[in-house]
Every structure is written in structure tokens, then in C-alpha cells.
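Here is a friendly walk through one model, going from a single loop out to whole chains. Keep the picture open beside the text as you read.

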Amino acid sequence: MQATTTLAEAAPEVASAPSRFWEIIPLDNAIFEQLFTVDTAITVARVVLTAALGFIFVGLVITVLRKVVTKRMEARSGGLVVKIAQYLGFAFIAISVLDAAGVNLSALLGAAGIAGIAIGFAAQTSVSNFISGFFIVSEKTFSQGDVIDVDGTSGLVHSIDAMSVKLRTFDNRLIRIPNETLIKSNVKTITRFPIRRLNMDILVTYDTDIERARQVLLELAAAEPNALRSPEPVFMVSGFRDSGIALFFGVWFATNEWFDGNNAMHIAVKKRFDEEGIRFALPTRTVYQGKAVAAPKKPGARRAAAGGPRGNNGS
Amino acid sequence: METWKRWNLPKNEGTRVHRIGDRRICVAVDMVGDQYVLAAMALPPEASRGSRLALPSLSDKAWTRFFMDKAEDYELAPAYPPMPTCIRLKQPFSLAPGSTVEGWIFSRIEASILVNGARIASFPLATPYKTLYGSPEAGVICRYDEEEFLAAAEPLASSLHADQRFVAHPVRLRNASAEPVEVSDLCIYGEQLSIVGDEKTMQSERLLFVFSSSGVRMSLDGTTLLPLGSRVMAKPAVSGEERFIVRSFELFKNMTRI
């Protein structure tokens, strides 16, 4: 009996706790009533549903797009397209969610437009680089791994990024070239085609037998294992220069063997020309040596010298 | 003497020399620890003219060296070059519109050394020159060969058929265009072909070249009847569908010379 009494006495203290909670947040609180209405619940449900459906839809689109670009586009371009689609998808979800939440989008988009103009002015260079990046990728002038030359800077394309192209030079330096600069410059893609011509400009002395020089050069090209038989080598007399006769000789090599071919051909030409007695022309000046001959005197010259100018003596 | 066969390691005989045409393939064995190392090198014809061969030491870079592991022998086998071969015909000819010509062309092989079926070295049997087949934009770098075209049912009339350094290719050339086409170069992809025959006469599967106004297409031409008693001396480097890939090339047009 005593135990029962104790419990009965303790009961009012336990029951008093909820009443304190509702003292702090009362059931008839105006804010609470405004927040947790049926309309609010519907809006929240709509937002959650929109976000969920948006993520599922965008996810599906991205997955399909990724498969398509993997098959049909190169890795760099495909990655860029997928990334743009992702950003657009997220923007689409954000707008849909805000619309579902009942936010006035026209005001928001207006503000975003003004902010966009301000940011656009501030980030003009970055935007230019970004847009130039699209042209570089779409033109397909070069791709990762190609060797290019941009205004005298040459190297291997290390990466093509949204804002710049990074080159690894042959002395192993990394050079960043903004996409805008690339669009404005003359870009030479050295490794685009399977073959490349070695152009040799040779200046020989005027006593050279040009036919013999031509024959020697063609023999050298034929003996070089890396030189291509087709297309055939090109020989041309470029013209007569101050110091000698200018010859042009072009030999085709596989692009990846051009470097070795360049060395082999130059060494072979020097060696063979020395053997054949064909001399390379150096800047020269021809000086003729002879006796000085007195100029013939005119008949009236002596008289004029003896008497001087007639008008001067007054006679 | 049979050349294309399996050979045991020359452990106690110094350097073994295989003579193929005017080339010599030298094979020797070196010991590294308790392992055998096979060393191989090819000698150019001018090096073979003297009465005595002056070979570099086995540590020289001229030798191709490889560990034999547990293998006790190596195989000397004919092989196609590692790149396509462009055969320039010594006497080019025109093919009338709609016509088909059957015949034989010949290409140079290489001597390869295989250990446990894997190719570990391959030596050209002549100085390997190169050329471009196709257009300068999209052509392919090929091994250059200049041989004759034999318009005959059998290649017996050609001395090249009995030459150990050549393999004969039966070909069918068809002009599918409305204009005559000059046939001067033919390109073959050795990786798609096998070599069958015996010690002296070797041949591949039949090839089909179809010329059109835009270019040329090359492919295997169905099944080929092989000579009786012939054996497979080299298998194709590719298998399955890759063997039947049809290669297409633009016909070479005269390019601007400067």
C-alpha cells in the first residue's frame, strides 16, 4: 500500500513536463500555425518531388549522353559536352524547384540578368577564353598528344582545358596558352598528317655542276632508309644569290622519323659534297686586281691649266 | 639445308649462323648467372663478304638479347614486316573499266626468331625502305618493295617463287569504275595473312583489290586453295574479324610539289 501511495504522489510531477514544453511553444502559436498548414505541406511535398524527379531525369539524360559521346566523340570533347549538360541540368532543377516552391522567378531572373551583365564585364577575358575553347575543340585543329607550334612556341599538347591549352615543350617545360590567344594566332599542327617534308636550303658556289649536285642529292635520299620513296624528293634551283647558287631539296619522312631523318640527311649531304668537291658558298666579294691607267687628257685641258680661267685675268 | 624450323640452343658450338639469301642471322648463347640468354643479330651482305666474320662481343648493343627462362630451343620462321607492304609494280598497267585480272605479286619477308611461340626478334632480309601508300593526309607508311606482277594461274614462271626471301600473293584486281585505272602500287597488310608452303616456295591467302573512281579497297578474297603438302609456316598476327577488315584508300593524286 505504501508503494502505491508513493507512485500516486509522484505522478503529478511527471505530468507537469508537457505543459512546460507547450508553455514555451504553445499549440496556439501563430507562427507555428502559419508554417504547418496543409498548403505548406503540399508545397514542401511538391518541392521534394520536383527535386527528386529532376535529379532522376537529369541523371538519365547524362547517362545516355555519356554513352553516346563516348562512342562518337573524342574524350576531351565528350567530357566537355557532358559537363555542360550537367550544369544545364542542375540549373534546370534549381529553377524547377524554386518554381515549385512558389518563388517569383521573374524577379529572380531579372536580378540574375543584371548580375550576369556585371559578372560578364568583370570576367570578359575568362568568358572569351571559355568560348574560344569551344571553337578549338569543335575545329579539331589539334588534339591531345599532337605537336603544335604557336607563334614560335612549340611543344606537345599536354591538355586542352576550358580556359587554356597546356603545352609540354621539348625541354620539358609546361607552357599555358590562353584559348583566346590560340584563336587569334597561326597554329601549326606538326603531327597532323602521317608524313612531313624535310626542307633543305643549300647554297653552293658558282663553279658547281648543278646537274651533278642534283644527282648526288637524289642518290642520298635513295640511300636513306627512313626517306620515303613516295612522294618523291623535290629538287629545285631557287635562284642565283650574291654568294652562290641556291638549291632547294625536299625529302619526305614519316612524321615521327623526321627528326632522325633531318640529322641523317644533313650529315650525309655534308660528307658527300666534301667527297664530290662540291663547295658550300660563303658570303664572298669579288675583287679585281690590275694596273691603274691614267685617264686620256682632253685637248683644251693643257691650255686651261697654263692660263687659268680666261675670265679671271681680265685680258 | 632446312632453315625454317625449330633449333636447339647453340650451347657448345659458338655462334650459329643461318644463311638466308645474302643475309646471315647470327645466334649465340650467353650465360647470365645460371640462366641462358639468347643473343641474335643480322649481318648485312657487305659484312659477309670476307672469309672470316668479325662479330662484336655478346655485350654489344648490336645483339638482341633475351632470357630463355626454361626454353631449350628457338624457332626460325618467315614473317611479314611489322608494317604494311607497298609493292610498286616494275611494269605498271591500266585496267579497263569493269575488267578483272588475276595474278601474283611477291613481297619480301623477314626472318623472325620465336621462343615458346612468341616473336622476340625479326630481321629484314634486305635494307628496309619506306614509302607512303595513299594520300598525304590519310595514307599509311609502308615497307617499300619493287617487284613484278605475274598475270598467270600459277607463280611457277617467276624465279621469285623459288626464292627463300619472297612470299607469293595470289591477287584478283577488279576495276569497278567507269574509267581505266592505272595499277602501279598494291598494298598488303601482312598482319592479316599467313604464310604456307615449304622450305623454298611460300604463299599467302588470295587478296582482292577493287579499284573505283574514289579509291581502292583491299580485302581477303574468300578461301584459297593451298598447294598439296604445304604447312603453315606463319600464322596471322591478328585473328577473328580483324583478318577480314576491308582497308580503303584514296588513290594517290599528284600533290603540289613545293
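Where is the place of A:Asp151? A:Asp151 sits in the loop between β1 (147–150) and β2 (153–160) of chain A. Helices (H or I, at least four residues) and strands (E, at least two) are DSSP runs, numbered from the N terminus.

Before going on, a word on the model and its numbering. This is a predicted model, in which local features need pLDDT of at least 70 and side-chain atom pairs count only at pLDDT 80 or more, while totals for chains, interfaces and linings use all residues. Residues are numbered from 1 along each chain as its sequence is written, and chains are lettered from A and ligands numbered from 1 in the order in which they are written.

## Some loops of chain A

Most residues other than glycine have a negative phi, and most peptide bonds are trans. With that in mind, look at A:Asp151 again: its phi is near 50°, a positive value in a residue other than glycine. A:Asn172, in the loop between β3 and β4 of chain A, also has a positive phi, near 65°. A:Pro231 brings in the peptide bond: the bond from A:Ser230 to A:Pro231 is cis, with omega near -5°. A:Pro231 is placed in the loop between α8 (210–223) and β7 (234–240) of chain A.

How open are such loop residues? A residue is buried if 20 or more other C-beta atoms lie within 10 Å of its own, exposed if 12 or fewer, and partly exposed in between, with C-beta atoms placed from the backbone.

| Residue | Other C-beta atoms within 10 Å | Class |
|---|---|---|
| A:Asp151 | 13 C-beta atoms within 10 Å | A:Asp151: partly exposed |
| A:Asn172 | 7 C-beta atoms within 10 Å | A:Asn172: exposed |
| A:Glu257 | 18 C-beta atoms within 10 Å | A:Glu257: partly exposed |

A:Glu257 belongs to the loop between β8 and α9 (258–276) of chain A. Along the sequence, A:Glu257 and A:Arg196 are 61 residues apart, but in space their C-alpha atoms are 9.0 Å apart.

## A sheet in chain A

Chain A has eleven helices and eight strands. Five strands form an open sheet in the order β4-β3-β2-β1-β5 (chain A), with antiparallel pairing. Why is one side of β4 (174–178) and of β5 (187–189) of chain A left without a neighbour in the sheet? Both strands stand at the edges, each with a single partner strand, so one side of each has no neighbour there. Neighbouring strands of this sheet are turned by 40° against each other on average, direction ignored (axes are lines fitted to C-alpha atoms, for helices over the stretch in contact, and angles run from 0 to 180 degrees between N-to-C directions).

Two strands pair if DSSP finds at least two bridges between them. Strand β3 (residues 164–168) of chain A pairs with β4(A) in the antiparallel sense over five bridges. A:Val165 stands opposite A:Ile177 in β4(A).

## Inside the fold

A nonpolar core is a set of buried Ala, Val, Leu, Ile, Met, Phe, Trp, Tyr and Cys residues joined through C-beta atoms within 7 Å. The largest one has 74 residues, and A:Val251, A:Phe253, B:Ala40 and B:Phe209 touch the most other members. Strand β8 (residues 245–254) of chain A supplies the largest share of this core, six residues. Apart from it lies another core, of nine residues, including A:Val157, A:Ile160, A:Val165 and A:Leu182.

## Domains and chains

Domain bounds come from an automatic or database domain assignment. For chain A, the assignment gives domain 1 (38–122), domain 2 (140–189) and domain 3 (195–276). The C-alpha centres of domain 2 and domain 3 of chain A lie 31 Å apart.

For chain B, the assignment gives domain 1 (6–77) and domain 2 (80–250). Their contact takes 14 residues from domain 1 of chain B and 14 residues from domain 2 of chain B, where two residues are in contact if their C-beta atoms, placed from the backbone, lie within 7 Å.

Finally, how many residues of chain B are in contact with chain A? The contact joins 15 residues of chain B to twelve residues of chain A. β11 (130–133) and β12 (140–147) of chain B are the elements that give two or more residues to chain B's side.
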